[in-house]
Amino acid sequence: MIFETHAHYDDRAFDKDRVDLLKSLPENGIGAVVNAGSSLSSIETIRELTKQYSYVYGAVGIHPCDTGDLTEERFAWLKKQCADEKIVAVGEIGLDYHWNDPHPEIQKTWFVRQLLMAQEVHLPVIIHSREAANDTLTIMRENHAERSGGVIHCFSYSVEMAAEFLKMDYYFGIGGVVTFENAKKLKEAVRYIPTERILLETDSPYLAPAPYRGKRNSSLYLPYIAEEIGRIKGMTAAEVIRCTEENAVRLFGVTCVC
Ligand code: NI
């Protein structure tokens, strides 16, 4: 079955049909979902969703753009949430220099703290890195990110950068962007990355694949992504789905419902 490794079903975009949509996933071949954390309030909702649906797992972490809200007290609360058995990762955490808000120094501080937290609680990390390749790599190296292991979500960098993350045994989250005709650099990276290191993800409600580009995304569109990865790597979509499921099971330590 398809293992969706990155979605945000806590997002307001799903307020009208969240229950129907989540219920429909297994009958459409989606056997597991990791709902990534972003803000403090998202984590409360995620924990509810993981209780309601056996195949929904959660990640606990503060997105770089939301790190301005963090305090020592809130960070302590965050760490406590990691003990829940349905929480399978720390994320999404990282650096996002697109808007430079909050200041990169604040982002870096909390990226390091959350990387180290993942090592303490023995969970892999889900990394968000946008326009911040070198700082991301430096911080990961300095803080032994290979100890927790994890995934570079929505990978958008070059083959050279992919090689560096591979040295740390990281996985690569590949989503809807790979289906865009102008995504030449990403297609090249996908050709380079071993299939054993690729995870399927949507980042729903964002980044819907072609032919739904610009619409609200959901895990139901994952077959389009599997198909394009298969086209690039000379595999069938079914082979991509099977291999990426094995990869996700290996990384997150949980299985699809059957
Ligand atoms: Ni995300």
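Analyst: Gladly. Let's begin with a cut-off: a residue is buried under 20% relative accessible area, exposed over 50%, and partly exposed in between. Please keep in mind that this is a predicted model.

User: How does that cut-off class tyrosine 212 and tyrosine 224: buried, partly exposed or exposed?

Analyst: Tyrosine 212 has 27% relative accessibility, so this residue counts as partly exposed. Tyrosine 224, at 35%, is partly exposed by the cut-off too.

User: And how do I read aromatic pairs?

Analyst: A pair of aromatic rings is described by the distance of the centres and the angle of the planes. In this model the count comes to ten aromatic pairs. Take tyrosine 9 and phenylalanine 14: their ring centres are 4.8 Å apart and their planes stand at 55 degrees, so this pair is tilted. Tyrosine 9 is buried, at 1% relative accessibility, and phenylalanine 14 is buried as well, with a relative accessible area of 0%.

User: What is the geometry of the pair formed by tyrosine 212 and tyrosine 224?

Analyst: Their ring centres lie 5.6 Å apart with the planes at 75 degrees, which makes the pair edge-to-face. Tyrosine 212 sits in the loop between β8 (198–200) and α8 (222–233), while tyrosine 224 belongs to helix α8, so the pair ties together parts that are twelve residues apart in sequence.

User: Which residues form an aromatic cluster?

Analyst: Phe155, Tyr157, Phe165 and Phe172 form one. Lysine 86 lies over the face of tyrosine 57, at 5.0 Å from the ring centre. Arginine 213 lies over the face of phenylalanine 180, at 3.6 Å from the ring centre.

User: Which residues are buried in helix α2?

Analyst: In α2 (residues 40–52) they are Leu40, Ser42, Ile43, Ile46, Leu49 and Thr50. Their arc around the axis is only 155 degrees, which puts them on the same side of α2. Turned away from that buried side is a face with the exposed residues Ser41, Lys51 and Gln52.

User: How do I find empty space?

Analyst: Rolling a probe the size of a water molecule over the atoms shows where empty space is left. The largest pocket holds about 790 Å³ of space. Of the 28 residues lining this pocket, the closest to its centre are His63, His128, Arg130, Asp203 and Tyr206. The elements that give two or more residues to the lining are β4 (87–96), β5 (125–130) and α7 (184–192); the largest share, three residues, comes from β5. By type, the pocket lining divides into ten nonpolar, nine polar and nine charged residues.

User: And how many cavities of 30 Å³ or more are there?

Analyst: There is one. About 40 Å³ of space lies in the largest cavity, whose lining includes Cys154, Phe155, Ile174, Val177, Glu201 and Leu207. The residues of that lining divide into six nonpolar, four polar and one charged.

Definitions and conventions: Residues are numbered from 1 along each chain as its sequence is written. This is a predicted model: local features need pLDDT of at least 70, side-chain atom pairs count only at pLDDT 80 or more; totals for chains, interfaces and linings use all residues. Side-chain values use heavy atoms; hydrogens and water are left out. Rings of Phe, Tyr and Trp (its six-membered ring) pair if their centres lie within 6.5 Å; planes under 30 degrees apart count as stacked, over 60 as edge-to-face and the rest as tilted. Buried means under 20% relative accessible area, exposed over 50%, partly exposed in between (1.4 Å probe, protein chains only). Helices (H or I, at least four residues) and strands (E, at least two) are DSSP runs, numbered from the N terminus. A charge sits over a ring if NZ of Lys or CZ of Arg is within 6 Å of the ring centre and within 35 degrees of the ring normal. On a 1 Å grid over the protein atoms alone, a cavity is a set of points where a 1.4 Å probe fits but cannot get out, and a pocket is an open set with protein on both sides within 12 Å along at least five of seven lines; lining residues have an atom within 4 Å of a point. Grid points are joined across faces, edges and corners, and a volume is the space filled by probe spheres set on the points. Ala, Val, Leu, Ile, Met, Phe, Trp, Tyr, Cys and Pro count as nonpolar, Asp, Glu, Lys and Arg as charged, and the others, Gly among them, as polar. The arc is that of the directions from the helix axis to the C-beta atoms.
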